[in-house]
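Please look at the charged side chains of this chain and at how they pair with one another. The paragraphs below follow a few of these pairs.

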Amino acid sequence: MNRENVIVGALLVAGLFAPLRLSQQGYQGEPELQTLKRELEALKEGQARIEKQLQEIKSLLNAILASRPTEPPEVTLGVGGAPWKGMETARVVLIEFSDYQCPFCARHVQETLPQLERDYIQTGKVRYVVRDFPLPIHRQAFKAAEAARCAADQGKFWEMRAQLFQNQGVLEIEALMQHAQVLALELPKFQHCLQEGRHAEAIRRDLEEGRRAGVRGTPTFFLGSLESDGTRVKVQKVIVGAQPYTAFKEAIESLLAAPRP
């Protein structure tokens, strides 16, 4: 037995080259190597899914821990220029900091917001304001927020907002153009708005003010009343996470029942 065969035999015994087959004619393990590569790719994909699920679980746990409306420290938030619905003279202002890739934000929009609209927004009791808080872990959320604001330039913010939340898995640039087409927007204007980043600075201002107010995850809601200048809200309650309608009803009713300042 020559030296080469001794080395190969030792490696095979040790299990280091178990999947491979060697011969004097050369390497014969290509099919096995391809199988190993496919298995490695599958493991990587599985790990990525697990990491995403863990992040969502973490967000959910944070929301559960903060499920009850809280009394915040002295905080005021601007509403000037932000999209809103309801009556300008509503007694209560509800400000949502949101992320278009956040599954809990989508849950709120699809499950809780419709009842809030029926009971409080359409009845003139609550003015509902939306501000952006795209999280770093959601790489397409910032551009999606820009898309919603570009749609607002053409009078279709709420339509685009609904479209984006209904299609959270397709928010790349090409998909944003398709969403604009579905809403019958003027595509050249919409595309130019996205390309030049017309609303990027406003979104960054939302992020900065949200951080100063204590926003750490999405969705986060601030409830309060307009100050005398009509552009800022004095925050009186905070709700974190996709909470049930009853959590919002309790907070809103307590503010409506309170004496006017």
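A residue is called buried when its relative accessible area is under 20%, exposed when that area is over 50%, and partly exposed in between, with a 1.4 Å probe and protein chains only. This is a predicted model, in which local features need pLDDT of at least 70 and side-chain atom pairs count only at pLDDT 80 or more, while totals for chains, interfaces and linings use all residues. Residues are numbered from 1 along each chain as its sequence is written, and side-chain values use heavy atoms, with hydrogens and water left out.

A search of the whole structure finds 15 salt bridges, each being a side-chain nitrogen of Lys or Arg within 4 Å of a carboxyl oxygen of Asp or Glu.

Asp 206 forms a salt bridge with Arg 149, at 2.7 Å from N to O. This pair links distant parts of the chain, since Asp 206 belongs to helix α8 (residues 200–213) and Arg 149 to helix α4 (residues 141–152), 57 residues apart. Asp 206 is buried at 6% relative accessibility, and Arg 149 is buried at 11%.

Glu 209 and Arg 232 also form a salt bridge, with their closest N and O atoms 2.8 Å apart. Here Glu 209 in helix α8 is joined to Arg 232 in strand β8 (residues 232–240), 23 residues away. Glu 209 is buried at 11%, whereas Arg 232 is partly exposed at 26%. A network of salt bridges links Arg 131, Asp 132, Arg 149, Asp 206, Glu 209 and Arg 232.

Terms used:
Helix = DSSP H or I, 4+ residues; strand = E, 2+ residues; numbered from the N terminus.
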